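Hi,

Here is the structure I promised to pass on.

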Amino acid sequence: MAGSEQGAVLDLAAAQKALDAQPFSRLVQARITDFGGGGATLEIDIREELLQQHGFVHGGVLSYAADNTLTFAAATALGPAVVTGGFSIHYLRPALGRTLRARAEVVQAGRRQAVCRCDLTVIDAQGAESVCAVAQGTVMPLNGPSPAGGGPSE
């Protein structure tokens, strides 16, 4: 969506296309499973390459998922040309399971920023979901045309 106007609207397909434009997102094989109405959900299948030495999902992967999901949620309120202004993450328990799911929602949005929160959960083989981290961040619109790819960036 290069050259998109700030007021342009993303749908689920356009959000996935924007995510796919990020080389790191392709590396971790992230996918957007829900997008719109002030929220976004990103999922990553957990595989060996994403683990740290104790067998848990690496904190950097959790942080990436929170960051990107926060920006996608904010894009539902601010438009597609947004960047993370800052965020904090709190790791609650080791991330063990089959799928990492990050769900973010807009808490408050104005013209110059959106504050969003994100719950990160892991889903086990039986489908049970447990929270492993929480994050909160501020996302800001870019001034001028959106960068190549046109979607939210970190």
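Let me start with Thr69: leaving aside its neighbours within four places in sequence, Thr69 is in contact with Ala40, Thr41, Leu42, Ala102, Arg103, Ala104 and Cys118 (contact means heavy atoms within 4.5 Å). Thr69 belongs to helix α3 and counts as buried, at 1% relative accessibility. For burial, the cut-offs are under 20% relative accessible area for buried and over 50% for exposed, with partly exposed in between (1.4 Å probe, protein chains only). A polar atom of the Thr69 side chain also lies 2.6 Å from the backbone oxygen of Ala65. That is a polar contact, meaning a pair of N or O atoms within 3.5 Å; within protein, one must be able to donate a hydrogen and the other to accept it, and residues adjacent in sequence count only if both atoms are side-chain atoms.

Before the rest, some housekeeping. This is a predicted model, in which local features need pLDDT of at least 70 and side-chain atom pairs count only at pLDDT 80 or more, while totals for chains, interfaces and linings use all residues. Residues are numbered from 1 along each chain as its sequence is written, and side-chain values use heavy atoms, with hydrogens and water left out. Helices (H or I, at least four residues) and strands (E, at least two) are DSSP runs, numbered from the N terminus.

Now the sheet. It is an open one of six strands in the order β1-β2-β4-β5-β6-β3, with antiparallel pairing; two strands pair if DSSP finds at least two bridges between them. β1 and β3 are the edge strands, each pairing on one side only. On average, neighbouring strands are turned by 20° against each other, direction ignored. Axes here are lines fitted to C-alpha atoms, for helices over the stretch in contact, and angles run from 0 to 180 degrees between N-to-C directions.

β3 and β6 pair in the antiparallel sense over nine bridges, and Ser88 stands opposite Gln136 in β6.

Two helices meet this sheet. α1 packs on it, touching β1 and β2, and its direction makes about 135° with that of β1. α3 lies across β1, β2, β3, β4, β5 and β6, running at about 135° to β3. The buried residues of α1 are Ala14, Ala15, Gln16, Ala18 and Leu19, and their cover includes α2, β1, β2 and α3. At the start of α1, a side-chain oxygen of Asp11 comes within 3.3 Å of the backbone nitrogen of Ala13.

Leu120 touches, among others beyond four places in sequence, Leu62, Ala66, Ile89, Leu100 and Val131.

Which aromatic rings pair up? The count comes to two pairs, where rings of Phe, Tyr and Trp (its six-membered ring) pair if their centres lie within 6.5 Å; planes under 30 degrees apart count as stacked, over 60 as edge-to-face and the rest as tilted. Phe24 and Tyr64 have ring centres 5.3 Å apart and planes at 70°, so they are edge-to-face. That pair links helix α2 (residues 23–28) with helix α3, 40 residues apart in the chain. Phe24 is partly exposed at 40% relative accessible area, whereas Tyr64 is buried at 5%. Phe35 and Phe72 have centres 6.3 Å apart and planes at 85°, so this pair is edge-to-face too. Phe35 is in strand β1 and Phe72 in helix α3, 37 residues apart, and both are buried.

One last item, from the loop between β2 and α3: Gln53 sits there and counts as exposed at 67% relative accessibility. Its side chain and that of His54 are joined by a polar contact of 3.5 Å.

Cheers
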